[in-house]
Amino acid sequence: MQDVHMQNTGHGSVIASIAPKLLAWYRREGRALPWRAPPGTLQDPYKVWLSEVMLQQTTVKTVTPRFIDFLRRWPDVNALARAELGEVLAAWAGLGYYARARNLHACARAVSESHGGRFPDTEQALRKLPGIGAYTSSAIAAIAFGRPASPVDGNIERVIARLFAIETPLPEAKPQIKSLAEKLTPATHAGDFAQGMMDLGATICTSRRPACGLCPVRQDCHGFAKGIAEQLPHKAAKATRPTRRGAAFVAIRMDGAVLLRERPPKGLLGGMLEAPSTPWLEGPQSEAAEAYAPVKGSWQKLPEIVTHTFTHFHLELSVYRATVQQRATPRAVAEPARCRWVAQRDLGNAALPTVMRKVLGSALTG
Ligand code: SF4
């Protein structure tokens, strides 16, 4: 075990020396981000929570303007709790992983209704809220409440794997890395320490070509000393993603309105809007796609195939387009209760996931 190795070789003192160096570096070099409080101060848990949920699977660059918009629109958790789910999904459009937006809304309501509008201040209580897992609860507890908690995100995982030259591949190494993160976390300023580790991973200990020459903890880094830092962390081979195929139908009424359908509330892209489509299935493109056309019309298959990659599969969608009668009504196959006509000028603010923006882009400009 890594811990035993470290104690036997006197590396326990390395653990004690990392936090002070990292904290000093964070005070000097930490990134100023819109969801951050200055070093040495605690941040509003609403901002920590909102930013951490947005940053899961999404880059700082993409999140920054969206975070500012969200905060302007819903400045505190009670304001977000009062919003309609559809408004939150529309504001989330394009950020992907829409279960996060549904959980965000459910969590805001839970905090507002069951906790008097204040986030609980322990990891344990935070984890009981919708959409808050081990990582987010630790991040909020440390950054907003100063608890000695140890969030481990992808950046921190990489930094620790390198600091301790952990050669066990991920995800098997996760418990070992979490345990080392806990040992490294200082009793006070745990939030600054976590944010400093995130920043070190994002700006210096980057996946490729870490800038070890600028690193405040280089002298404590076993990966650097062994010359293997850049190869770490090792990762177990990922299963390849299957490809699913389907067809999407863009019906355009004489007045220019487009027929959209709300997806079922649970599951992939739950509650978001879509151009009505066939089921998305593995295997060759179905010959019978047109049986799913949502309204009667003269459907034209466009030459371009729209592609999109989700976490677990690639999607290839054929796109059909038809201009239809002003009085056209959806057929039973399209589940009319979930369908509505949306004016093209309103599409920009509609809760459309990226894949459906691609479909509409193809149909409305092609
Ligand atoms: Fe990362 Fe290099 Fe610093 Fe080690 S010395 S923590 S590999 S940047």
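**Salt bridges across the predicted model.** Counting salt bridges in this structure gives 14.

**Close-up 1. Arg72 and Asp69 pair up within helix α4.** Here a salt bridge joins the two side chains, with an N to O distance of 3.4 Å. Both residues belong to helix α4 (residues 60-73), where they sit three residues apart, about one turn of the helix. Arg72 counts as exposed because its relative accessibility is 63%, while Asp69, at 42%, counts as partly exposed.

**Close-up 2. Glu87 reaches Arg73 from another helix.** The closest N and O atoms of this salt bridge are 3.8 Å apart. Glu87 lies in helix α6 (residues 85-92) and Arg73 in helix α4, so the pair links distant parts of the chain, 14 residues apart. Glu87 is partly exposed, with a relative accessible area of 33%; Arg73 is partly exposed too, with 45%.

**Close-up 3. Glu316 and Arg245 connect two strands.** Their side chains meet in a salt bridge of 3.2 Å, N to O. Because Glu316 lies in strand β6 (residues 314-324) and Arg245 in strand β1, the pair ties together parts that are 71 residues apart in sequence. Glu316 is partly exposed at 26% relative accessibility, and Arg245 is partly exposed at 25%.

**Close-up 4. Thr243 in strand β1.** Take a look at Thr243, found in strand β1 (residues 243-253). With 24% relative accessibility, Thr243 counts as partly exposed. For a sense of scale, Thr243 and Gln195 are 48 residues apart in sequence and 38 Å apart in space, C-alpha to C-alpha.

**Close-up 5. Arg158 is buried without a salt bridge.** This arginine is found in helix α10 (residues 154-163). The nearest side chain of opposite charge to Arg158 is that of Asp153, 7.6 Å away. What does the side chain of Arg158 make a polar contact with? Its partner is the side chain of Asn155, at 2.6 Å.

**Close-up 6. The second largest pocket.** This pocket holds about 260 Å³ of space. It is lined by 16 residues, and those closest to its centre are Arg261, Arg263, Ser277, Thr278 and Pro279. By type, the lining divides into eight nonpolar, two polar and six charged residues.

Conventions: Residues numbered from 1 in each chain as written. Predicted model: local features only at pLDDT ≥ 70, side-chain atom pairs only at ≥ 80, totals over all residues. Heavy atoms only, no water. 1 Å grid on protein atoms, 1.4 Å probe; cavity = no way out; pocket = protein on both sides within 12 Å on 5 of 7 lines; lining within 4 Å. Points joined across faces, edges and corners; volume = space filled by probe spheres on them. Nonpolar A, V, L, I, M, F, W, Y, C, P; charged D, E, K, R; others polar. Helix = DSSP H or I, 4+ residues; strand = E, 2+ residues; numbered from the N terminus. Buried < 20%, exposed > 50% of the residue type's maximum accessible area, 1.4 Å probe, protein only. Lys, Arg positive; Asp, Glu negative; His and termini not counted. Salt bridge = Lys/Arg side-chain N within 4 Å of Asp/Glu carboxyl O. Polar contact = N/O pair within 3.5 Å; in protein donor to acceptor, adjacent residues only side chain to side chain.
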